[in-house]
Amino acid sequence: MGMMLTIHPEKCTGCRNCELACALEHEGYFRIKASRIHVYAWEREAFSVPMMCQQCSDAACVSVCMPKAMHRDAETGRIEYDAAKCIGCKMCVQACPFGNAAWDALTESILKCDTCGGDPACAKICPVGALEWADPDLAVQPRKKSFAAKLKTAYAEARS
Amino acid sequence: MKVQYFALLRNATHKREETWTRPAADVRGLLTDLCTTYGEPFAKWVMENGELAKFVVVLVDGHDVRSLAGLDTPLADTSEIAVFPPLAGG
Amino acid sequence: MNGWMGKILRVDLGSGKVSVERLDPKLAHDYIGARGLGTKIMWDEVDPNVDPLSPANKLIFAPGPFSGTFAPSAGRYDVVTKGPLTGTIAASNSGGSFGAELKFAGWDVVILEGKAAAPSYLWIADDKVELRSAAHLWGKDVPTTTEMLYAETAEDAKVACIGPAGEKLVLFAAIMNEMQRAAGRTGVGAVMGSKNLKAIAVRGTKGVRVADKDGFAAACAETSRKIKEHPVGGTGLRLYGTDVLVNILNSVGGLPTGNFRTGQFATADKVGGESLAARELQRPRGCFACIISCGRGTKVLSPKYAGAGEGPEYESAWGFGPDCNIDDLDAVTKANYICNELGLDTITMGSTIACAIEMFDRGIIGTAETEGLELLPGNAEAMVEAVRLTGMGEGFGKKLGLGSWRLASMYGHPELSMTAKKQEMPAYEPRAIQGIGLNYATNNRGGCHVRGYTISPEVLGVPMKVDKDATEGKPALVALFQNLTAAIDSSGACLFTTFGLGAEDYAAMLAPLTGEAWTAEEFLKCGERIWNLERLWNNRAGFTAADDALPPRMTQEPMPSGPSKGAVSRVPEMMPEYYAVRGWSPAGEPTTEKLRELELA
């Protein structure tokens with residue numbers, strides 16, 4: 001089973017190191033608006049969530065892309081972007097239900113997470129493990145288990 | 001003697017403080033005993049190769065043992081000892 | 001340029017005129033950025049005798065060369081101006097994202113001059129700069145103002161603003177960014193309010209350039225490793241936040257209690273970081289590019305003090321807690337939220353209330369003066385209400401808003417104000433800890449702990465342990481910390497990076513970033529230069545050696561109880577050596593020789 005970039009938003013501190021690493025990796029300097037990952041913050045409640053391409057199995061961006069610039073790599077299962085084929089119609093930007101494809105005016109191309117070719121810079125720099133490059137099954141184990149523990153406690157209380 | 005724990009050491013001992021009744025002539029004796037009692041989660045912050053771990057703060061009656069006699073600082077039945085893992089603020 | 005963006009934005013708020021200037025690379029190298037660069041501009045352009053709340057004062061926002069890069073925990077900025085609380089040069093440092101965003105918009109410095117004709121806000125979108133009406137924002141609290149500005153500028157803009165406190169010229173009003181981070185001290189928010197400037201909103205699409213990309217990435221990986229491996233920065237601060245200090249200061253008898261009457265508070269643990277982690281804490285938070293995550297996302301559930309936000313930090317918890325003899329953490333947290341929402345410095349606020357409480361307790365003032373507030377030690381409800389009144393400029397809050405020195409003087413008892421140069425001393429007792437007292441007395445912005453944080457060696461033993469009760473060696477130690485901190489503040493780095501890093505590490509990151517040669521010595525020398533320039537400014541503003549002093553309680557009233565019973569602060573006996581170590585005259589003025597050495601003459 002392919003690896004996946006998993007988000008653990010409950011751990012996110014809002015530091016945006018992921019955006020910086022992504023920008024430097026792809027652009028060679030800290031042009032943060034070129035980051036393929038964005039952290040959304042709810043400042044009143046001090047809560048943040050990082051968002052990037054979810055590599056959907058039935059990807060809307062692939063469906064709408066006529067020149068097939070957006071395509072699925074058969075081997076990795078990831079959605080890849082071929083800038084050479086892109087005609088700049090921005091249909092993918094409109095189609096992605098999560099808003100994870102963006103148009104970069106400076107380079108006239110699409111910004112979309114490519115997992116840095118299977119070695120994501122964002123996951124490496126995240127200081128608290130809110131981003132994890134992992135086997136999708138294993139990635140959610142801790143969350144499943146901690147929730148299961150809550151159910152266990154609830155049942156124990158109900159019985160006593 | 002009374003021993004108080006702070007920050008991570010509260011997790012390691014599951015206590016804020018306790019009345020220590022086992023004999024301890026000096027800080028070395030007390031800490032060695034505590035490390036044995038609470039194991040690695042406690043010991044790793046407090047003692048290293050028989051010496052005080054870096055940045056651990058041990059107070060006897062409010063005075064840092066490093067300004068007294070270090071691990072050889074004597075203790076009495078009425079001593080109050082406070083142990084802090086490395087910490088900071090501002 | 002690399003690291004720096006190379007441009008200064010100057011706005012005349014009265015005429016609306018916007019000008020762009022080039023950042024002189026020599027100035028950038030000598031003063032680094034942020035605090036240093038802002039101070040140099042103030043020195044060159046503003047008369048130190050100016051009225052801080054007049055249009056002739058200037059307000060400078062400046063990030064550092066690290067801000068906007070992934071130098072670990074180094075995305076900060078400073079607000080530099082003449083401080084209305086103290087009359088000294090004021091540089092207030094803040095985290096969040098605002099400073100980095102100024103860099104992305106292409107700016108190293110934003111200078112605000114004059115006064116807008118009506119409440120306004122500045123909208124900076126890269127090179128496009130507009131002064132817009134803030135009539136609809138005036139009177140609104142910080143969170144509401146911020147959200148309204150996101151809606152009318154850009155969702156991903158960053159906002160620095162004042163709340164009602166700054167508008168009403170409370171002398172310790174803060175400037176808040178990202179709702180929860182503060183350029184807190186010395187009243188920089190009041191300067192902003194006096195200019196009719198409600199907010200600055202900024203959005204940037206440019207990038208910070210790096211001279212040697214691989215070299216910089218490697219240097220940052222190394223400094224990140226050092227910070228993470230240090231038990232304090234790597235673990236402790238994320239788990240417990242700065243409030244973890246309550247118990248250790250209390251245990252050594254150095255937790256100022258009841259307006260600095262004594263140094264221990266029996267129920268201190270109830271407002272410490274361990275209690276905060278168990279009760280109100282929701283999650284840790286981190287500023288831009290931070291790997292330490294000391295921020296506290298918190299929530300109070302009890303209906304009486306319900307709220308959510310960030311904090312309290314150690315100084316804030318102390319000010320509303322032990323300094324007022326209060327141990328109700330919900331109330332303390334609520335007071336902190338109100339300060340964030342209305343834009344107030346938590347340290348001066350807490351200490352001013354503590355002063356009012358002592359005066360009330362002694363019968364110097366009563367409910368007639370406080371307009372009904374029962375300001376007794378331990379009265380949490382009255383404390384919280386006092387904060388709200390101060391932020392809104394209502395009732396007794398109008399007097400509290402002057403700070404403790406002017407408040408206590410009004411009733412004939414300035415000696416009950418726990419201040420140095422009229423700024424309230426933070427949460428460490430000078431009688432129990434000799435070095436921090438010397439730092440309070442000599443700090444260029446008055447009672448300040450961060451910019452000479454000798455608590456690290458004196459209490460925590462970081463990087464090495466020194467005897468807190470000794471005076472020997474303290475003058476040199478204080479001066480060293482003050483110099484290093486000045487350089488770090490100017491680079492954009494957070495002071496918590498000092499848990500793990502030394503001067504050589506900052507130089508090791510600056511070199512590949514800027515493409516310039518940097519050594520530890522040069523970095524430290526910049527810090528010393530900046531400190532001396534601040535001192536020159538203050539001397540010109542009329543400050544003398546007589547102002548390098550602590551309240552008489554610290555030097556004349558022995559500590560009544562606790563492990564430091566009987567101790568007094570020996571600042572007066574340390575002062576001559578401090579001046580000597582600094583290369584100053586016995587009157588506390590930098591000598592011509594020292595100024596030449598620092599290229600200030």
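Contact here means heavy atoms within 4.5 Å, and helices (H or I, at least four residues) and strands (E, at least two) are DSSP runs numbered from the N terminus. The structure is a predicted model, in which local features need pLDDT of at least 70, side-chain atom pairs count only at pLDDT 80 or more, and totals for chains, interfaces and linings use all residues. Residues are numbered from 1 along each chain as its sequence is written, and side-chain values use heavy atoms, with hydrogens and water left out.

In chain C, helix α17 (residues 434–442) packs against helix α23 (residues 571–582) at an angle of about 70°, their axes lying 10 Å apart; axes are lines fitted to C-alpha atoms, for helices over the stretch in contact, and angles run from 0 to 180 degrees between N-to-C directions. The two helices, α17(C) and α23(C), are therefore roughly perpendicular to each other, a term covering 65 to 115 degrees. From α17(C), the residues C:Q434, C:G437, C:L438, C:A441 and C:T442 meet C:V571, C:M574, C:M575 and C:Y578 of α23(C). The residues of this contact comprise six nonpolar, three polar and no charged, where Ala, Val, Leu, Ile, Met, Phe, Trp, Tyr, Cys and Pro count as nonpolar, Asp, Glu, Lys and Arg as charged, and the others, Gly among them, as polar.

Elsewhere in chain C, three strands form an open antiparallel sheet in the order β13-β14-β15, two strands being paired if DSSP finds at least two bridges between them. The edge strands are β13 (281–285) and β15 (307–310) of chain C. Between β13(C) and β14(C) (residues 295–300), the antiparallel pairing extends over four bridges, and C:L281 stands opposite C:T298 in β14(C).

Conventions: Chains are lettered from A and ligands numbered from 1 in the order in which they are written. Angles under 35 degrees count as roughly parallel, over 145 as roughly antiparallel, 65 to 115 as roughly perpendicular and the rest as oblique.
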